[in-house]
Structures are given as structure tokens and as C-alpha cells.
Amino acid sequence: MTIEVRNLVKKFGSFAALDGVDLKVDNGELLALLGPSGSGKTTLLRIIAGLDWPDSGEVSFNGEDALAQGARERHVGFVFQHYALFRHMTVFENVAFGLRVQPRAVRKEEAAIRARVKELLDLVQLDWLADRYPSQLSGGQRQRIALARALAIEPRILLLDEPFGALDAKVRKELRKWLRSLHHEINVTSIFVTHDQEEALEVANRVVVMDKGRIEQIGSPDDVYESPATAFVHGFIGESIELPVRIADGMVRFGDRPLALAADGLVPGASRLFVRRHDMLVGPPGSGAFEGAVQQVRNFGPVQRAEVELAGGETIEIDAPRDKELRAGDAIGLQPRRYRIFAG
Amino acid sequence: MSAIALRRRTLPGFGLTMGLTLSWLSVIILIPLAGLFLKSLELSPEQFWNILSSRRTLNALRVSFGLAFAAACVNLVMGSIIVWALVRYRFPGRRLFDAIVDVPFALPTAVAGVALTALFAEKGWLGAPLAAAGIKVAFTPVGIFVAMIFIGIPFVVRTVEPVLQDLDPEIEEAAGSLGASRWQTIIRVILPSLGPALLTGLALAFARAVGEYGSVIFIAGNLPNVSEIAPLLIVIRLSEFRYADATAIAVVMLVVSFVIIFAVNRLQRWAQSRIPVR
């Protein structure tokens, strides 16, 4: 099932939750909608599911207009952040719900329903919980049951709204891996919403980065990490150092110092320089574009993180390999190995 | 675990509160009720039976319990719809309607009775068009029914309200996206979740209607065997100094009410047990 969204606009009062969104999702993709809260990602997901309606724009599934159908007709599996399980039903009945409410003409026989539910509970590896009530399950188990329930109707599309948002860090990591392998197994076109970049980059085939109701960038996890299209994406994904610079006379200036960086093709005026923490290489004073003094060093797993005060006023944090000798008070030179400059 | 928890509570006071509970309930409820039973013992079983099996008593009990149950059922349906609108939608005047629901709680029942009678009398605002359609309300059992609906409505609304507020609208969205129709969502998801609260509301509205006296006697017409409620018959017997007769009827009302409330309570427990707390 392909999904196409064209020029979607949705306003809540004067606040534009979606401000002209275009998106194409290919068959069998696992797509992440990534953005800070208020970026419109959940609104977009709910409109695709038929739980919300846009003010203008189009949504089509396989080329056919989806907005003409309600949530019920769209055949979309939806997984909620807080599970939304039916608490008066057992796990088994929760998963069976979508099969039991089908119109009589297409409804399966009881035996077939039982077999299908059993199969789904096996798929999410929770068949031993069939007779429990949702309140007796852990968060991770509840979310897997919610997923099994959504899959019971053999949805054309699977939509997940912050599916791991309410779970603790360890369970999140497990479920991420599990979701990836599950998608590999069932291969249904899926979109999940998250504000956690690590989750998006680890799970999705393609990542859509959103901010303020607009799409900032669409690309593979490598694309959005390695070549961010906008200042927002660079700042949002991965840990970035952000420095105010000026482009003038074919040079990049930081404060009143010209930097030894190429300024080809850059628009003159105020700009921002983005560098990943680990892309700032440490050398002796005078060896790089920046000069600075080390304020503090902390060890962090495979790296050491140094707080450096730059000549020019800003204080930044860089990541250097553990074998590099750094001490508080050292004067150092810094050269960005890779960087991007965005106007504005 | 639980044994330890019993022995070491952060707040001591089990003995004190339990003692107070028992003595208070005894003084306020149990002793007066016991007095009622004792008084009825002055009657021989035969006399007791004769009073109860008299046509007038049986009809009064039938009117009281039958109409109270019917009114409670109407309140269950209409109360559920009202509470749904009040909880789920935001509309101008919502707070006003919300306050209006409580009016039957606070209004002296005699005032309610007079107002309803004036409204539904043959020349009243509602009574006149209804009379034209051939329906007489005031001074008939229909009038009793209307008064019982009036006084019972807040019980259903206020019992169901907090439970409905607690019910996440996402549950309905989940049901919808799984293919359930609006109707299926109501029947299979919403009503079962509200079940225990609905039963409690029904029981309270019923109990209130059975015990109602003030508003009903104004609108009922109080015709023996037709529109005479059991509480009124008790008052009549008392004014005739037939105290034993009065207590006999009272005892029957008490026992029947208790059995019904107890049954509803059990039913509610059972429904609750199917929804373990979160």
C-alpha cells in the first residue's frame, strides 16, 4: 500500500499544526516521523488514520482518496502511546475485538477467530498471557498486545503514535529491535511517530524530520545524520556544536577573527556553523581554525568530553578519543573535520 | 505480606474507627429498624398476613415498587445520555445544565410536587396539550411516574460522571479504527466499562423513588388501589391509629428494598470484578 499526502493543512485556532505537508510513502516501508513536540507529527499520523480531518489537502492510499472514508473503512491499524486497551476484556478478547466486530457477511467463524488470535499472540510472543486483563501486564507487554490487536484486522497500513514513549529505557531498546524484525516479517507499510532521534535512526528505513508543521527533510537515517538539509535538522539530530559566524569578503569570520575555512558559495551575512562534537579535531595551538582553552574534562564511555572556551567568547563541548591527552588549563587548537554553514 | 501490613500501619486507629462506625450505625440506623421489627411482632402471623394480603396494601406496594423501577430505568437511559453530553462535549451553557441536574437534590420535595402538579394539571402548560392528546398525567399513576423520574435523575448522572470522565476517548478511537461501528463501540466498549457505575446509579435512583413521599402525594391524586403509594398508606394508617398495620407495611417495604439493593450490589460487584483496577 502506498500513501500519498499532498499539501496538507490543519489549524487548531490560529496555531498551524500542519502547514502544507507533502509526503509519499512506498509500499512496505517503515517510516519514522521525527520532530519535537508541537511539530505536527502526531496530527499528520491521526489524519492518515482518519481520527482527525485536515482543513485542506489530500490523502490517498494506492491512488484512491482516503479522506472520503472514515477511520472504520480505511483498514488502518493504529497503536496508541498509552495502549488504549479495553480494560474490561482479557488479552485474548482485546486481540479478537477487530475480528468480532466485522459485518456478519465477512466475519470469521469462532474457531477461525480463535486460531487467528492464537497466531497473533504467538507473533508477539505473549500467548501465555491470553487470559489476563490488561491491568495485570507490564507496559511493554501491553504495547505488544496493542500491536497484536491492530494487526488482527490485517491492516493495509500500520500507524504507531510514540509507541515506546511511555516505556522505560531498557524496554524501549528491546522493543525497537523487536519492531524492526516484526516489520521485516509482516512487511506492511508502517509509519511511526517519535521524538527520539535514536529510535528513528535505528528502526526506520526512512526518516521524515518535521518542525513547526512543516517537513524539514526526508531521507535515509544516514542522509539526515550525515547531510542535514537545514539548520534545524543539524541541530535536532545528533549532538551538534552551533556557532554564530559571519560571511564577508569571501571569508568565514567568528567574532573578529577570520577562520581558515572555505567560504565558497556561501551567502554573505550572519550565518551559523554546525559541527558534530566528534568532528572537532584537537591539535596544538595554532594548528586549526579555532583556538581555545580546556576548562574541564570528563570521561564518557569510549570518549572524553571536554568543555573548551574558544578565543572569541563561546564555550563548547567536544568529544575526543580517550587516548588523546587533555587536561584542564591546556591551550589547544581545534579544526572541524566536517562542518556545515547555514545562512540565518 | 498482608498480615504484616495489618499489624504495622502508618496510621493506627482501626479500633477507634471501627468502634465509632458500629455504634454510629447502630444508633442511627439499626436500632430504629429493630424497633420497627419489634413493633410488627405485636401482630400475630395471621393478622400480619391479612394486612399484607389486603387489596389496598398490595396495590400500594405494586404502585410504589413498579413505578419506582420503571422511573429508575428511564433515568438510567436518559441520565446516561445527559452525562455523556455533559462530560464529552463543550457547549455554551454547559455549566448551567450541569447545575440544573442537581436541582432535584436540593429542592424541597413538596415544592417539586406542587410545581409538577401545576405543570401537568389539565390546564397546565404541559398538561393542556397532553390532555388534548388524551393523556392525563396529574392525579394518575403517570403523575407518580413523572415525579419519580424528576427526583431520581441526579443519582444516575452524578454516579456515572466520574467514571466516564476517567474513560479515555482514545478507547473509542481504538475501537473505531479496529472497524467497530458507533453502535458496536457503545455496546461492546463503553457500556461494559461504565457497567458498575450504571448499576449503582440505577439502584440509587430506584431506592430514592421507592422512598419518595413529598412530591408524589401532590401529583398522585392518591386514589386507593390506583394511585396510592405505600408510604402514603403508612401515613394514613398512622393517622387512623392503626400502628401495627403501618409497621407491617413498613417492614415489607424495608425487606423488599433491602433485597433489591443487596441484589444490585452483588451484581455490581460481579461486574466490577470483571474490570480489575488499573
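Tutor: Helix H3 (residues 91-100) and helix H5 of chain A pack with their axes 7 Å apart, at an angle of about 25 degrees. Axes are lines fitted to C-alpha atoms, for helices over the stretch in contact, and angles run from 0 to 180 degrees between N-to-C directions. H3(A) is therefore roughly parallel to H5(A), a term for angles under 35 degrees. Their crossing is right-handed, that is, the near helix is turned clockwise from the far one by less than a right angle. This is a predicted model, in which local features need pLDDT of at least 70, side-chain atom pairs count only at pLDDT 80 or more, and totals for chains, interfaces and linings use all residues. Residues are numbered from 1 along each chain as its sequence is written, chains are lettered from A and ligands numbered from 1 in the order in which they are written, and side-chain values use heavy atoms, with hydrogens and water left out.

From H3(A), Val91(A), Asn94(A), Val95(A) and Leu99(A) meet Ile145(A), Ala148(A), Arg149(A) and Ala152(A) of H5(A); contact means heavy atoms within 4.5 Å. By class, six of these residues are nonpolar, one is polar and one is charged.

H5(A), residues 139-152, also lies across E6 and strand E7 (157-161) of chain A, at about 170 degrees to E6(A). Helices (H or I, at least four residues) and strands (E, at least two) are DSSP runs, numbered from the N terminus. The open sheet of chain A has six strands in the order E6-E7-E8-E3-E9-E10, with mixed pairing; two strands pair if DSSP finds at least two bridges between them.

Key: Parallel < 35°, antiparallel > 145°, perpendicular 65-115°, else oblique. Nonpolar A, V, L, I, M, F, W, Y, C, P; charged D, E, K, R; others polar.
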